[in-house]
Amino acid sequence: EIYSFIVSLLSLFGIYFAIIQFAVEMSSNNNTFFGINYARVIIESSYLIKFLKSKLFYILLGLLTILPVIYKVFKDYLLMILNNSLRMEVFTKIISYSWNSIALILLLIFVISLYVGFSKIWDITTTNDLHKNQKCYNEVKYIVSLFYEEYKEFEEEEYGADALAKIGRAS
């Protein structure tokens with residue numbers, strides 16, 4: 001039955017997210033530098049992880065589960081609306097091809113994400129502390145630079161473009 005396939009595919013992605021959660025949680029005290037979790041930085045920098053958190057991915061999962069339901073539930077209603085077996089056949093093919101394409105895409109994404117996920121976990125466990133320290137330091141530096149830019153924009157809005165320069169010359 002098609003519903004068992006859908007449930008199994010959704011279960012696969014559930015297992016994958018559990019693996020990612022394990023990777024993040026495995027980063028105890030020995031993977032935290034400057035208050036930044038190295039495992040979280042590495043995992044969240046992956047484009048695949050960003051895609052798996054995107055709306056497009058959730059739309060694909062939704063279509064994977066909804067298309068067969070739409071076809072089964074509204075089949076009789078669609079026969080009345082389309083009132084032509086040729087139109088219904090074309091509509092059935094469109095639904096079928098769309099669903100098969102989405103299922104194939106999601107299976108490929110799952111296989112690729114497993115590979116990327118396990119390589120990230122391997123990277124987290126084998127990287128030396130100096131590299132982890134540097135990566136987390138760069139993340140802190142980036143966050144501080146964002147705060148500084150926001151502060152600078154606020155000061156320029158509040159006191160004018162060269163207010164900070166006047167303060168520097170006065171001291």
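# Exercises on a predicted chain

The chain exposes about 11,700 Å², and carbon and sulfur atoms supply 65% of it; accessible areas come from the Shrake-Rupley method with a 1.4 Å probe, and for residues only the protein chains shown count as cover. The model is predicted: local features need pLDDT of at least 70, side-chain atom pairs count only at pLDDT 80 or more, and totals for chains, interfaces and linings use all residues. Residues are numbered from 1 along each chain as its sequence is written, and side-chain values use heavy atoms, with hydrogens and water left out.

## Exercise 1: confidence and layout

Task: state the mean pLDDT of the chain, then give the order of its elements.

Solution. Step 1: pLDDT is the predictor's confidence in each residue, from 0 to 100. The chain averages 76, and 84% of the residues score at least 70.

Step 1: helices (H or I, at least four residues) and strands (E, at least two) are DSSP runs, numbered from the N terminus. The chain has seven helices and two strands, in the order α-β-β-α-α-α-α-α-α from the N terminus on.

## Exercise 2: burial and contacts

Task: find which percentage of the residues is buried, and which percentage of the contacts with a separation of 6 or more joins residues 24 or more positions apart.

Solution. Step 1: buried means under 20% relative accessible area, exposed over 50%, and partly exposed in between (1.4 Å probe, protein chains only). Of the 171 residues in the chain, 29% are buried.

Step 1: a contact means heavy atoms within 4.5 Å. Among contacts with a separation of 6 or more, 77% are between residues 24 or more positions apart.

Step 2: take two residue pairs. I43, in helix α2 (residues 38–44), counts as buried because its relative accessibility is 4%. I43 and G117 are 74 residues apart along the chain, and their C-alpha atoms are separated by 7.9 Å. I70 lies in helix α4 and is partly exposed, with a relative accessible area of 29%. From I70 to I95 the C-alpha distance is 9.3 Å, at 25 residues apart in sequence.

## Exercise 3: aromatic pairs

Task: classify the aromatic pairs that F57 forms with F51 and with Y58.

Solution. Step 1: rings of Phe, Tyr and Trp (its six-membered ring) pair if their centres lie within 6.5 Å; planes under 30 degrees apart count as stacked, over 60 as edge-to-face and the rest as tilted. The structure holds two such pairs.

Step 1: F51 and F57 are 6.0 Å apart, centre to centre, with 65 degrees between the planes, an edge-to-face pair. F57 and Y58 are also edge-to-face, at 5.6 Å and 70 degrees.

Step 2: ring pairs link F51, F57 and Y58 into a cluster. F57 is buried because its relative accessible area is 0%. F51, at 23%, is partly exposed, and so is Y58, at 44%.

## Exercise 4: a nonpolar patch

Task: name the residues of the nonpolar surface patch and the element that supplies the largest share.

Solution. Step 1: patches are made of residues with over 30% relative accessible area and no salt bridge, with like charges joined within 9 Å and nonpolar side chains (Val, Leu, Ile, Met, Phe, Trp, Tyr) within 5 Å. A salt bridge is a side-chain nitrogen of Lys or Arg within 4 Å of a carboxyl oxygen of Asp or Glu.

Step 1: the patch consists of Y3, V69, V73, F74, Y77, M80 and I81, with about 690 Å² of accessible area together.

Step 2: helix α4 (residues 55–82) gives the largest share, six residues. V73 is in helix α4 and counts as exposed because its relative accessibility is 56%.
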